[in-house]
Amino acid sequence: MRYGEKGEAVRLLQVALEEAGEELPRYGADSHFGSETARALESFARKNGITSWSNRNDPVPEELLDLLGCGEVPDDETELGHVEPIDVGVPVFDLRSGRPNPHPKSMRSSNGKTLVRSIRAIDSIVLHQTGIDFGPKSASDEKLARRALNVACHAMAFQRGFYVLAAPIRWHIYHADRLNSRSLGLEVEGNYPGLMRQQVASGKPSTMRSSTLEAGRAALRALVMEARREGASIRYLYAHRQSDSWRRADPGEWLWRNLVIEYAVPELGLIVKHDETLAHPSGKPSRRGMPVPIDWDPRGKGRY
Ligand SMILES: [Zn+2]
């Protein structure tokens, strides 16, 4: 990370600076490391007694980035504040330390490793359906669980009734476009129709099982608690379709009703902004996000 750089890593640094009380009055978090950002960073360094960044043309030292919660993934996972998953009576596989770094579905920082976000940048969970069943049926739970490592997510709930913690909370994973930098991705295994009375868009439909819902609820709770233990406050829950209309059926009526309306809102206190949509980075109007529809949620907006 250095002066003149542009991109998402810079934006996360800027957000962290603002949250640390530094000001970016003219340009805000605009993803460009210019003189205003350099001034804010110098001010932050001064206040924290860091003198190793005396020339703004030098790369920003790691100790400064770490202090802002914007450092790179250390080789030693324990530095991330690794914690044991919470026991809610549903089996869990914690595979976070086995995750390859960089992960192919993550944003890379300048040294080629997965980008670590400021914990304060994280405020939401995005709910997804995988759109397929994972197999083979003969695979052991342990073996099946490992398949979550190739899915772009922080956690994944399986139909057999267990979930996987698949990536550290602070890792920047590509799962929901404009929501990536501030959210955790939860994937639920299966292919479910957008509306319960309809056919699935393609492929073979999955059976709607209670074990899937139990795993999904436990995974939601675990993400909220894990994030809290690291200092993040998860307040919002989004459907993937809110950031990409091509994912209209994601996560679908069945998961929405059972995991969000019946659980995440009343039990975890998460907030749904039903009519919020996020422009897709492609700029295509056809991919602009879609609201949570009335067909899924009485507080929704518009039809499916
Ligand atoms: Zn999705």
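1. Is the crossing of α1 and α2 left-handed or right-handed? The crossing is left-handed. A crossing counts as left-handed if the near helix is turned anticlockwise from the far one by less than a right angle, and as right-handed if clockwise.

2. This is a predicted model, in which local features need pLDDT of at least 70, side-chain atom pairs count only at pLDDT 80 or more, and totals for chains, interfaces and linings use all residues. Residues are numbered from 1 along each chain as its sequence is written, and side-chain values use heavy atoms, without hydrogens and water.

3. Helix α1 covers residues 8–19 and helix α2 residues 35–47. They pack at about 50°, and their axes are 10 Å apart. Therefore α1 is oblique to α2 (under 35 degrees is roughly parallel, over 145 roughly antiparallel, 65 to 115 roughly perpendicular, the rest oblique).

4. From α1, the contact uses L13, Q14 and L17. From α2, it uses T37, A40, L41 and F44. Contact means heavy atoms within 4.5 Å. By class, these residues are 5 nonpolar, 2 polar and no charged.

5. Now the second pair. Helix α5 (residues 210–229) packs against helix α6 (residues 253–268) at about 40°. Their axes lie 10 Å apart. The two helices are therefore oblique to each other. Here the crossing is right-handed.

6. On the α5 side, the contact residues are T212, L213, G216, R217, L220, R221 and V224. They meet W254, L255, N258, L259, E262, Y263, A264 and L268 in α6. This contact has 9 nonpolar, 3 polar and 3 charged residues.

How values were computed:
Axes fitted to C-alpha atoms, helices over the stretch in contact; angles between N-to-C directions. Helix = DSSP H or I, 4+ residues; strand = E, 2+ residues; numbered from the N terminus. Nonpolar A, V, L, I, M, F, W, Y, C, P; charged D, E, K, R; others polar.
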